[in-house]
Amino acid sequence: MKYGIVIFPTKEIQDEANSYRKRYDPHYALIPPHITLKGAFEADDQLIESLITELKRIANETKPFTININKVSTFAPVTNTVYLKVEPRQELIDLYEKMHTGKFPDNQEYAFVPHITIAQKLPHDEYSDVYSSLSMKKIRFEDTIDRFQLMYQLENGSWTVYETFVFGKEYL
């Protein structure tokens, strides 16, 4: 089965992201707006049980922290992806790094750029229009992060929560 680990921002941030994703993100119906801590990886039941123990330990060692989103950015020219840029914070980087060491599968493709995708897989002309108009918008969000979610992929390609891990509140 395929799994991934994400942070879901507040409803306010998700609503803002979805106002664009509806039109510009073909994955809109597959998963709510999120910050990816660990991209899709394959795991059997035995591995996932051992990773859940590890995720509980990581959650217990993590204190809630604040993130800030202040602008729209892009991964161009690598891909025509537009996103809400999450300002890098050490706590977020630490979480990411913990999920790419030890028992976790090594599936890191790119450097960690915390973000919430709002448009992807756009033809070049549409990408240019979307990015130029969105990059002029005033974006300012602050959010307190106090949990992350282990997700799994269903047969139809959509993702659903397998388990939620709340910082400082997991029982080992």
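Two strands count as paired if DSSP finds at least two bridges between them. Strands (E, at least two residues) and helices (H or I, at least four) are DSSP runs, numbered from the N terminus. The model described here is predicted: local features need pLDDT of at least 70, side-chain atom pairs count only at pLDDT 80 or more, and totals for chains, interfaces and linings use all residues. Residues are numbered from 1 along each chain as its sequence is written, and side-chain values use heavy atoms, with hydrogens and water left out.

**Sheet and helices**

In the hairpin of S7 and S8, five residues lie between the strands, and glycine 157 has a positive phi near 95°. Strand S7 (residues 147–153) runs antiparallel to S8 and is joined to S8 by seven bridges. Glutamine 153 has tryptophan 159 of S8 as its bridge partner, while glutamine 149 stands opposite threonine 164 in S8.

These strands belong to an open sheet of four, in the order S2-S1-S7-S8, with antiparallel pairing. S2 and strand S8 (159–166) each have a single partner strand and stand at the edges, so one side of each is left without a neighbour in the sheet. From one strand to the next, the twist averages 20°.

Angles here run from 0 to 180 degrees between N-to-C directions, with axes fitted as lines to C-alpha atoms, for helices over the stretch in contact. Contact means heavy atoms within 4.5 Å. Helix H2 (residues 45–60) lies across strand S1 (2–7), S2, S7 and S8, and runs at about 45° to S8. Helix H3 (residues 90–98) also packs on the sheet; H3 touches S1, S2 and S7, and its direction makes about 5° with that of S2.

**Leucine 92**

Leucine 92 lies in helix H3. Residues are called buried under 20% relative accessible area, exposed over 50% and partly exposed in between (1.4 Å probe, protein chains only). Leucine 92 is buried because its relative accessible area is 0%. Neighbours within four places in sequence aside, leucine 92 is in contact with Ile7, Leu37, Phe65, Ile67, Val86, Phe112 and Pro114. Its C-alpha atom is separated by 9.9 Å from that of isoleucine 35, 57 residues apart along the chain.

**Lysine 38**

Lysine 38 is found in strand S2 (residues 35–42). A salt bridge requires a side-chain nitrogen of Lys or Arg within 4 Å of a carboxyl oxygen of Asp or Glu. For charge, Lys and Arg count as positive and Asp and Glu as negative, while His and the chain ends are not counted. Lysine 38 is buried but has no salt bridge, and the nearest side chain of opposite charge, aspartate 106, is 6.2 Å away.

A polar contact is a pair of N or O atoms within 3.5 Å; within protein, one must be able to donate a hydrogen and the other to accept it, and residues adjacent in sequence count only if both atoms are side-chain atoms. Such a contact, of 2.5 Å, joins the side chains of lysine 38 and asparagine 107.

**Salt bridges**

Seven salt bridges are found in a search of the whole structure. The table gives some of them.

| Pair | Closest N to O |
|---|---|
| Arginine 89 and glutamate 91 | 3.0 Å |
| Aspartate 146 and arginine 147 | 2.9 Å |

Salt bridges that share partners also join Glu54, Arg57, Glu61 and Lys98 into one network. Arginine 21 and aspartate 25 are both buried. Arginine 89 is partly exposed, at 28% relative accessible area, as is glutamate 91, at 31%.
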